[in-house]
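I'm opening my notebook to jot down what I looked up in this structure.

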Amino acid sequence: MKKRISRRFIVSGLTAVMAVGLLTGCGSSGKSDTIEIGLATPLTGASAQDGQAIENGVELAVKQANDAGGIDGKQIEVVVEDDKGDASEAATVANMLVQNDNIVGVVGHFNSSCTLAGATIYNDAGIVQISPGSSAEAVSEAGDYTFRTITTDAVQGRYLAEWCVNDLGYHNIAVLYENDDYGLGLADVIQRETEALGATVVAREAYEVNQTDFSTVLTKVAASDADVMIIGGLYNETALIAKQMGDNGLEGMQIMGVDAIYSDALIELGGDAVNGIKLTAYFSDASDSEVTQSFIKAYTDEYGEAPGTYAAYAYDAANIILDAVANVGTDRAAIRDYIADLKDFDGVTGITSFDENGDVIKEPLRMEIINGAFETVDM
Amino acid sequence: MFVQQLINGITVGGIYALIALGYTMVYGILKIVNFAHGDVFMIGGFMGLILAQTTNLPIWIAYPLAMLITALIGVLIERICYRPIRLHGADALAILISALGVSIFLENFAQLVWGTETHAYVQKIQRTAYNIAGITLSNIQIGVIVLCIILMIVLYLVVNKTKMGMAMRATSQSITSAQLMGINTEKVIALTFGVGSALACVAGILVGTYYDAVYPLIGYSYGLKAFAAAILGGIGSVPGAMLGGFLLGIVETLGAGYISTGYRDAFAFGILILVLLFRPSGLLGKKHVDKV
């Protein structure tokens with residue numbers, strides 16, 4: 001999914017760095033009766049809403065573990081730090097977290113820039129970091145102790161390509177993408193993967209975010225031999241594309257997309273026109289997975305609202321750390337080795353394993369909009 | 001594909017032209033750029049949506065009513081935010097800054113009231129697409145083009161054939177002289193803002209109906225393109241704004257269609273730069289000589 005990198009709060013970040021300098025040495029030390037999990041997430045700033053969802057997901061996982069008697073009779077606590085979605089602030093909170101000897105692992109950060117800023121510190125300290133929200137390619141290379149429960153765009157693009165070409169049999173592909181790093185990256189992945197499967201990209205057209213007039217783009221698609229449109233972008237533009245297809249001679253063409261278009265806003269804005277759109281997603285309330293459904297119920301009972309994608313990724317991240325501690329104890333290196341070798345962890349965002357870079361490998365759900373609702377489908 | 005893209009270009013160009021008229025008329029009379037005009041277009045779009053959504057009025061009452069409300073908002077903006085500065089004798093720069101302030105206010109107001117998300121438009125007209133010799137045309141697209149042309153002809157006739165139009169032209173030549181001739185220039189200025197805003201409202205409703213979307217920041221991109229169209233045609237010239245709008249729409253659509261969709265906006269502003277290099281006063285703009 002798309003991540004906005006905030007460059008704000010640099011000044012406050014620097015101030016905080018200096019403040020931490022003064023406080024160094026105050027970190028707690030020695031073993032105690034509780035196990036602590038670090039959480040570094042933006043609770044203020046532009047990404048605060050997602051950051052709060054992440055905190056909710058982690059707190060729920062820990063609460064459930066404590067209610068079940070904790071680990072080895074020890075209760076688990078969450079140490080929450082606000083990174084404000086700002087990279088320099090992220091380095092500050094990472095330093096604070098690694099100085100606490102009771103912390104067995106950290107869930108964080110959300111923004112890719114923050115995850116990368118923290119990664120050096122966690123890797124030097126030898127403490128596991130699992131990001132619930134950073135999908136940037138660079139996170140793959142961040143170090144042995146850096147993992148993530150969200151997949152890279154490349155993984156999803158590859159899966160979508162297989163579905164589109166091998167299973168649905170589309171061979172003439174039109175790729176429509178938003179004209180920025182995110183859309184361009186996705187378009188590249190989709191083109192590479194579909195062509196590797198023997199399909200041809202017959203149209204590759206860019207549009208601006210917030211564009212309203214898609215007639216030019218759609219006319220070009222209509223003039224090509226495309227039999228499917230894959231969107232490398234978000235839900236607003238996808239809805240408008242779906243609605244304007246009819247006027248431009250593309251009535252009934254299949255549209256496919258990734259989890260960036262998985263939003264109720266797609267259906268609200270698109271109405272009947274978005275029925276039949278096929279997309280990949282990792283977390284959905286339409287999933288028939290038992291763990292997913294019981295998570296949705298527990299989360300809704302606890303917070304009075306349904307969980308979003310990031311709450312689910314965070315819940316999985318916290319549970320993976322708790323699972324490691326339950327199996328190998330609190331030794332940080334042992335935890336890292338356990339997670340690196342983790343296979344087929346049954347999470348709420350799918351069956352999870354990690355590759356050698358600490359990137360998650362899991363199969364997305366296949367979804368289709370049927371009668372104005374997201375449904376899981378086989379084809 | 002050429003004819004199809006040409007039609008797409010004329011459609012979006014007509015919308016640019018309608019908005020550009022508001023820029024050019026205000027500039028013609030007051031020599032200021034009303035940077036809030038793009039947001040008046042947005043407010044007009046929302047007015048049409050809200051009236052069609054919350055009342056059961058048929059569109060031939062609801063949409064003219066939306067135009068009237070938007071026109072009043074335009075007049076009010078001039079009255080509250082520009083006139084006091086103008087009558088104080090401040091230079092155009094002060095009004096420009098006030099216009100930017102109004103723009104920011106309207107955008108934030110819209111986001112507070114209607115939320116930041118994109119709204120689907122109420123479709124009161126059944127959409128039918130016709131396929132003529134491989135070219136797809138919808139009834140709404142035809143309606144957009146026809147309505148834009150009719151409104152432009154009406155405006156042209158009003159400005160050139162009526163007494164009020166004569167007063168407008170006189171005011172644009174010199175406010176002081178017009179006043180000496182007994183013209184109520186404040187009334188003319190208010191009327192200019194009203195007419196420009198009503199046309200922007202039509203553009204907002206057309207964008208809403210044709211592209212099926214309206215959102216609080218929509219005025220930014222359309223306003224910028226329309227402003228470019230006004231400059232391209234020669235700011236201050238009514239036929240210039242019309243020509244500039246259509247030309248901009250056609251150039252950006254054909255450029256995007258035949259070269260690259262990623263450079264759509266680059267074509268729009270590229271043609272502007274190209275024309276200004278050779279004709280600094282725009283295509284139909286009058287040569288302006290500042291006497292020292």
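**Entry: a hairpin in chain A**

I began with strand E14 (residues 365-370) of chain A and strand E15 (residues 373-376) of chain A, which pair in the antiparallel sense over four bridges. Strands pair if DSSP finds at least two bridges between them. The labels are DSSP runs numbered from the N terminus, with helices being H or I of at least four residues and strands being E of at least two.

Before going on, I noted that this is a predicted model, where local features need pLDDT of at least 70 and side-chain atom pairs count only at pLDDT 80 or more, while totals for chains, interfaces and linings use all residues. Residues are numbered from 1 along each chain as its sequence is written, and chains are lettered from A and ligands numbered from 1 in the order in which they are written.

Back to the hairpin: which residues face each other? I found A:Glu368 opposite A:Glu375 in E15(A), and A:Ile369 opposite A:Phe374 in E15(A). Two residues sit between E14(A) and E15(A). A:Asn371 lies in that loop, and its phi is near 50°, a positive value in a residue other than glycine. Most residues other than glycine have a negative phi, and most peptide bonds are trans.

I then checked for a cis peptide bond and noted the one from A:Gly108 to A:His109, with omega near -5°. A:His109 is in the loop between E3 and helix H4 (112-125) of chain A.

**Entry: two open sheets in chain A**

E14(A) and E15(A) belong to an open sheet of seven strands, in the order E7-E6-E8-E9-E10-E14-E15, with mixed pairing. Its edge strands are E7 and E15 of chain A, each pairing on one side only. Neighbouring strands there are turned by 25° against each other on average, direction ignored.

I also looked at an open sheet of five strands in chain A, ordered E2-E1-E3-E4-E5, with parallel pairing. Strand E2 (75-82) and strand E5 (146-148) of chain A are its edges. The twist averages 25° from one strand to the next.

At one end of that order, strand E4 (residues 128-131) of chain A runs parallel to E5(A), joined by three bridges. A:Ile130 has A:Phe147 in E5(A) as its bridge partner.

What packs on this sheet? Helix H11 (residues 309-328) of chain A does, touching strand E1 (34-41), E2, strand E3 (103-107) and E4 of chain A, and its direction makes about 160° with that of E3(A). Helix H12 (residues 332-340) of chain A packs there too, touching E3, E4 and E5 of chain A, at about 40° to the direction of E4(A). For these angles, axes are lines fitted to C-alpha atoms (for helices over the stretch in contact), and values run from 0 to 180 degrees between N-to-C directions.

**Entry: domains of chain A**

I wrote down domain 1 (10-151 + 290-361) and domain 2 (154-281) of chain A. The bounds come from an automatic or database domain assignment. The centres of these two domains, taken over C-alpha atoms, are 34 Å apart.

**Entry: where chain A meets chain B**

How many residues does each chain give to the contact? I got 25 residues from chain A and 25 residues from chain B. Residues are in contact if their C-beta atoms, placed from the backbone, lie within 7 Å. On the side of chain A, the elements giving two or more residues are strand E7 (200-207), helix H7 (215-223), helix H8 (235-244) and helix H9 (264-270). H7(A) gives the largest share, six residues. By class, this side has seven nonpolar, 12 polar and six charged residues. Ala, Val, Leu, Ile, Met, Phe, Trp, Tyr, Cys and Pro count as nonpolar, Asp, Glu, Lys and Arg as charged, and the others, Gly among them, as polar.

**Entry: a helix pair in chain B**

Last, I looked at helix H1 (residues 2-30) and helix H8 (residues 185-211) of chain B, which pack at about 165° with axes 8 Å apart. H1(B) and H8(B) are therefore roughly antiparallel (angles under 35 degrees count as roughly parallel, over 145 as roughly antiparallel, 65 to 115 as roughly perpendicular and the rest as oblique). Their contact has 17 nonpolar, four polar and no charged residues.

Definitions and conventions. Two residues are in contact if their C-beta atoms, placed from the backbone, lie within 7 Å.
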